[in-house]
Amino acid sequence: MSGARNTLNRPTSRMGAADRTSAVASSFVVADAGHCIGCKACELACFAVHSQANGIGASVGTVSVPVVPKVYVVRAGDTYVPVQCRHCENAPCAHACPVQAIRQENGVVMIDEELCIGCTSCVLACPFGAIEVSTVYREGRAMTQPGLTDRAAHKPLPRTAAGKCDLCADTNGGQPACVEACPNDVLRLAIVESDLLPERRREVFFPRL
């Protein structure tokens, strides 16, 4: 890892969740696709951090629910690239949500899982393909949707909700889990500055070019 990357894009000290949420306002995780090896360490780290309600720990034996991360490694030919939310300033997903379950908090676009009705409007609106609707699990068990029943099978249907990168706002770590887990330093937390000069933009978003 180069020294330039440390000074340009990474906080110099570890912070609590509240501090980090404020500090990363108008920021998002960027990926250097040319160096991604497709190991999916970012996906697993993301899943572990966001699955505390299901008792997911550091070992394989603790995983009792489907692995659904909030960052996705996509392959195109021989190239891999992690895809995650860009926390758009004028977020299309928030405009598309019919129940106002998506909001901005200090520049971070968040989804309130309790309000989400799983309609997929945000999935269709997102220009980056960074949102996925999946079954909600609690304590290792799939939640059911009140009032929604498979009449043929005579059983309740699972509750679904949208999920996407939240910059690990509810955790106590320093960097987002995907950034810390990447073995090839492909992912970085980019701090967005409104007055970036073209040269500065290249340094922030494409430091290896």
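Let's start with Glu-114, which counts as exposed at 60% relative accessibility. The burial words used here work like this: buried means under 20% relative accessible area, exposed means over 50%, and partly exposed is in between (1.4 Å probe, protein chains only). This is a predicted model, in which local features need pLDDT of at least 70 and side-chain atom pairs count only at pLDDT 80 or more, while totals for chains, interfaces and linings use all residues. Residues are numbered from 1 along each chain as its sequence is written, and side-chain values use heavy atoms, with hydrogens and water left out.

What does the side chain of Glu-114 meet in a salt bridge? The partner is Arg-138, at 3.6 Å from N to O. A salt bridge here is a side-chain nitrogen of Lys or Arg within 4 Å of a carboxyl oxygen of Asp or Glu. Arg-138 belongs to strand S7 and Glu-114 to the loop between S5 and H5, so the pair ties together parts that are 24 residues apart in sequence. Helices (H or I, at least four residues) and strands (E, at least two) are DSSP runs, numbered from the N terminus.

Put together, Glu-113, Glu-114 and Arg-138 are linked in a network of salt bridges. Glu-113 is partly exposed at 25% relative accessibility, and Arg-138 is partly exposed as well, at 31%.

How many salt bridges turn up in a search of the whole structure? The search finds 3. One of them joins the side chains of Glu-105 and Arg-103, at 2.5 Å from N to O. Both ends are partly exposed, Glu-105 with a relative accessible area of 30% and Arg-103 with 35%. As background, side chains of opposite charge can pair when their charged atoms come close.

## The chain as a whole

Stepping back, the secondary structure comes to 7 helices and 12 strands. The chain has 209 residues, and buried ones make up 38% of them. Take the contacts between residues at least 6 apart in sequence: 65% of these join residues at least 24 apart. Contact means heavy atoms within 4.5 Å.

The chain exposes about 11,600 Å², with carbon and sulfur atoms supplying 53% of that. Accessible areas come from the Shrake-Rupley method with a 1.4 Å probe, and for residues only the protein chains shown count as cover.

## Two buried loop residues

Is Gln-84 buried or exposed? Gln-84 is buried because its relative accessible area is 2%. This residue sits in the loop between strand S3 (79-83) and helix H4 (92-96). Leaving aside neighbours within four places in sequence, Gln-84 is in contact with Val-29, Lys-70, Val-71, Ala-130, Cys-165 and Leu-187.

Pro-69 is another buried residue, with a relative accessible area of 7%, and its place is in the loop between H3 and strand S2 (72-76). Its contacts, again leaving aside neighbours within four places in sequence, are Glu-43, Cys-46 and Phe-47. Pro-69 and His-50 are 19 residues apart along the chain, and their C-alpha atoms are separated by 7.9 Å.

## Positive phi angles

Most residues other than glycine have a negative phi, and most peptide bonds are trans. Thr-120 is not a glycine, yet its phi is positive, at about 75°. Thr-120 is in the loop between strand S5 (108-111) and helix H5 (121-125), and is partly exposed with a relative accessible area of 31%.

Asp-185 also isn't a glycine and has a positive phi, of about 55°. Its loop runs between helix H6 (177-181) and strand S12 (187-191), and Asp-185 counts as buried at 17% relative accessibility.

## A surface patch

Which residues make the nonpolar surface patch of about 240 Å²? They are Leu-44, Val-63 and Val-67. Patches are made of residues with over 30% relative accessible area and no salt bridge; like charges are joined within 9 Å, and nonpolar side chains (Val, Leu, Ile, Met, Phe, Trp, Tyr) within 5 Å. Leu-44 lies in helix H3 (residues 41-49) and is exposed, with a relative accessible area of 51%.
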